[in-house]
Amino acid sequence: MPHPKTIAIDGPAGSGKSTLGALLAEELGYLYFDTGVMYRAVTLAAIQEGLDPMDEIAVGQVAQQIRIDVQPPSVNDGRDYDVLLDGEDVTWAIRRDEVNAYVSPVSTYAAVREAMTEQQRRVARENKVVMVGRDIGTVVVPDADVKIFLDAAIEVRAHRRYQELVERGKDTSFDTVLQSLKNRDKIDSSRAISPLKPADDAVVIIADCMGIQQVLKKARELIFNAG
């Protein structure tokens, strides 16, 4: 029985959707596509152009002019994929602190979201893909074969994110991480364009008391039943 071509996974920051998406893509042999990297790439492009990332009009114009590609990893350095900005490998550059500082507001700009939605759809058309984001099932590929909305209580998400940062050697605190997630949730759920919410036909998985293997098992069942 064939697997579905497009799998959409949405959810708030820290819910574990990226981990789930990467595991599913590896298991199925699909492209893993965290769509947030496109907004990071736009932010990086604006910074490289010497623009103020808070200048919505200027950043929107940049977003309309660039091409962003996401491809299977070409280098064995821990990356899950290659991110190319007009052909240049920016996979790690989009993780810089200056990008982290501005990607949230940039992701709310109407012109940016319009441009990135079209580019995300192009990637989906060209690949068998597991797409991870916040508006995949509702806006980007509303006809996705499988739609999952992965959620968890904010304290649970903050604890997981805090542990991840500590393991990477980051100097932070639980309260700082918790407040950061609260701020991100507010931005994602209250923006006028493509707010974070489950698609009407998405399967919602609440992962408060579930480990990643339990979530993965549930996702496998959904994919098999959709095949």
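Which elements each supply at least two residues of the lining of the second largest pocket? They are α1 (17-28) and β2 (31-34). The model is predicted.

## Second largest pocket

The volume of this second largest pocket is about 200 Å³. Its lining consists of A22, A25, E26, Y30, L31, Y32, P72, P73, R79 and D80. Helix α1 gives the most, with 3 residues.

By class, the lining of the second largest pocket holds 7 nonpolar and 3 charged residues. No polar residue takes part in it.

## Helix α1

Helix α1 also has a buried side. K17, L20, G21, A22, L24, A25 and L28 are buried in α1. Their cover includes β1, β2, β6 (129-133), β7 and α9 (212-226).

The length of α1 can be checked. At 1.5 Å a residue, its 12 residues should span 16 Å. The end C-alpha atoms of α1 are 16 Å apart, so the two values agree. Just after the helix, G29 takes a positive phi of about 80 degrees.

## Enclosed space

Rolling a probe the size of a water molecule over the atoms shows where empty space is left. In this model the count comes to 1 cavity of 30 Å³ or more. The largest cavity has a volume of about 30 Å³.

A8, D10, G137, K147, I148, F149, P198, A199 and A202 line the largest cavity. Strands β1 (6-10) and β7 (146-151) are the elements that give two or more residues to this lining. The largest share, 3 residues, comes from β7. The lining of the largest cavity divides into 6 nonpolar, 1 polar and 2 charged residues.

## Nonpolar cores

The largest nonpolar core has 59 residues. Those with the most contacts inside it are V42, I68, V112 and M116. Helix α2 (residues 36-48) gives the most to this core, with 8 residues.

What does V42 touch, leaving aside its neighbours within four places in sequence? V42 is in contact with V59, A63, I66, I68, V106, V112 and M116. Among these partners, I68, V112 and M116 are also listed with V42 for the most contacts inside the core.

Another core lies apart from the largest one. This other core has 7 residues, among them A13, A158, L165 and V177.

Definitions and conventions: Residues are numbered from 1 along each chain as its sequence is written. This is a predicted model: local features need pLDDT of at least 70, side-chain atom pairs count only at pLDDT 80 or more; totals for chains, interfaces and linings use all residues. Side-chain values use heavy atoms; hydrogens and water are left out. On a 1 Å grid over the protein atoms alone, a cavity is a set of points where a 1.4 Å probe fits but cannot get out, and a pocket is an open set with protein on both sides within 12 Å along at least five of seven lines; lining residues have an atom within 4 Å of a point. Grid points are joined across faces, edges and corners, and a volume is the space filled by probe spheres set on the points. Helices (H or I, at least four residues) and strands (E, at least two) are DSSP runs, numbered from the N terminus. Ala, Val, Leu, Ile, Met, Phe, Trp, Tyr, Cys and Pro count as nonpolar, Asp, Glu, Lys and Arg as charged, and the others, Gly among them, as polar. A nonpolar core is a set of buried Ala, Val, Leu, Ile, Met, Phe, Trp, Tyr and Cys residues joined through side-chain atoms within 4.5 Å. Buried means under 20% relative accessible area, exposed over 50%, partly exposed in between (1.4 Å probe, protein chains only). Contact means heavy atoms within 4.5 Å. The expected span of a helix is 1.5 Å times one less than its number of residues.
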